[in-house]
Amino acid sequence: MIVETKIPSTYPFSLAPPPFAYDALEPYIDAATMRIHHDQHHQAYIKNLNAALKKYPEWHDLSVEELLRRCNELPVTVRQTVHEQGGGHLHHWFFWKVLKPGAVGSRPTGALAQAIGRDFGSFEAFKAKFVETGAKHFASGWVFLVVQPADGRLEVLSRHDHDNLLLEKKTILLLNDLWEHAYYLRYRSGRVDYLNAFWNVVDWEYVGRRLESALAGTP
Ligand code: MN
């Protein structure tokens with residue numbers, strides 16, 4: 001089965017509808033947060049990214065991943081904007097992919113389950129590490145489960161704002177949004193509660209397919 005692991009588009013970038021109803025992840029992620037997060041925050045990243053690139057048609061054939069990888073070659077006036085807004089588009093595109101309604105109690109299987117056991121000790125230990133890393137991250141950013149395709153090792157880490165991992169040769173398998181807009185309406189300052197609730201909405205089948213793609217060299 002083909003797994004969509006890359007954003008399938010170039011300039012002008014556009015916002016795909018969410019892959020499920022706004023209230024489908026209730027009560028873990030509430031409908032109001034979903035609506036604002038997708039329709040306003042993600043949309044704004046795309047709008048700002050397109051605005052930055054508008055005057056530079058020579059860059060219009062590149063995917064957002066290519067733009068981020070080659071950010072330092074972009075006109076200096078738009079580098080920072082593309083880094084921030086392009087990173088925002090990339091990470092939110094992935095974020096909607098890893099979420100799934102009706103995932104309560106689901107867990108990794110197959111090669112992903114084995115790799116998690118090997119590198120973290122157990123699924124429970126992995127979840128604790130992911131939550132702890134997200135909880136300790138100061139201010140805005142993302143917490144990631146990544147694989148290093150060179151040796152297949154899994155790693156949990158966080159990055160600030162929309163800093164991406166493309167130049168670090170790490171492939172994102174799973175990510176959670178640590179910006180307050182992702183959780184403040186429902187959880188207020190309870191970031192840990194939000195991080196723990198996240199396990200009820202993770203599409204482990206998609207995460208597992210991402211690992212298979214990364215190890216096959218096709219992420
Ligand atoms: Mn966000």
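# Aromatic pairs, a manganese site and a helix crossing

Phe-130 counts as buried, because its relative accessibility is 0%. Buried here means under 20% relative accessible area, exposed means over 50%, and partly exposed is in between, with a 1.4 Å probe and protein chains only.

Before going on, the source. This is a predicted model, in which local features need pLDDT of at least 70 and side-chain atom pairs count only at pLDDT 80 or more, while totals for chains, interfaces and linings use all residues. Residues are numbered from 1 along each chain as its sequence is written, and side-chain values use heavy atoms, with hydrogens and water left out.

Aromatic rings next. Rings of Phe, Tyr and Trp, taking the six-membered ring of Trp, pair if their centres lie within 6.5 Å; planes under 30 degrees apart count as stacked, over 60 as edge-to-face, and the rest as tilted. That rule gives 16 aromatic pairs. I will show two of them. In Phe-95 and Trp-142 the ring centres are 5.6 Å apart and the planes stand at 80°, so this pair is edge-to-face. What does the pair connect? Phe-95 is in helix H3 (residues 76-98) and Trp-142 is in strand E1 (residues 141-148), so parts 47 residues apart in sequence are tied together. Helices (H or I, at least four residues) and strands (E, at least two) are DSSP runs, numbered from the N terminus. Both Phe-95 and Trp-142 are buried.

The second pair is stacked: Phe-130 and Phe-198, 6.0 Å centre to centre, with 5° between the planes. Phe-130 belongs to helix H5 (residues 123-136) and Phe-198 to the loop between helix H7 (191-197) and helix H8 (204-215), so this pair ties together parts that are 68 residues apart in sequence. Phe-198 is buried as well, at a relative accessible area of 2%.

Phe-130 and Phe-198 also belong to one aromatic cluster, together with Phe-120, Phe-123, Phe-126, Trp-199 and Trp-204. Take Phe-126, which sits in helix H5. Is Phe-126 buried or exposed? Its relative accessibility is 0%, so Phe-126 counts as buried. Setting aside neighbours within four places in sequence, Phe-126 is in contact (heavy atoms within 4.5 Å) with Ile-116, Phe-120, Leu-145, Val-156, Leu-174, Trp-199 and Trp-204.

Now the metal. Which residues coordinate the manganese ion? They are His-37 (NE2), His-92 (NE2), Asp-177 (OD) and His-181 (NE2), at 1.9 to 2.1 Å. Donors are N, O and S atoms within 2.8 Å of the metal (3.2 Å for Na, K and Ca); water is not among the atoms, so sites may look incomplete. The donor residues follow the spacing H-x54-H-x84-D-x3-H in sequence. Asp-177 counts as buried at 0% relative accessibility, and His-181 counts as buried at 19%.

His-37 and His-92 turn up again where two helices pack. The axes of helix H1 (residues 31-53) and H3 come within 9 Å and cross at roughly 145°. Axes are lines fitted to C-alpha atoms, for helices over the stretch in contact, and angles run from 0 to 180 degrees between N-to-C directions. The residues of H1 that meet H3 include His-37, His-38 and His-42, and those of H3 include His-89, His-92 and Phe-95.

His-42, in helix H1, is buried at a relative accessible area of 2%. Apart from neighbours within four places in sequence, the contacts of His-42 are Leu-15, His-37, His-89, His-92, Trp-93 and Trp-96. His-42 and His-91 are 49 residues apart in sequence and 9.3 Å apart in space, C-alpha to C-alpha.

Last, the backbone. Most residues other than glycine have a negative phi, and most peptide bonds are trans. A cis peptide bond joins Tyr-11 and Pro-12, with omega about -10°, and another joins Glu-26 and Pro-27, with omega about 0°. Pro-12 is in the segment before H1, and Pro-27 is in the segment before H1 too.

Ala-139, though not a glycine, has a positive phi of about 65°. Ala-139 is in the loop between H5 and E1 and is partly exposed, at 43% relative accessible area. Arg-188 has a positive phi near 50°. Arg-188 lies in the loop between helix H6 (184-187) and H7, and its relative accessible area of 51% makes it exposed.
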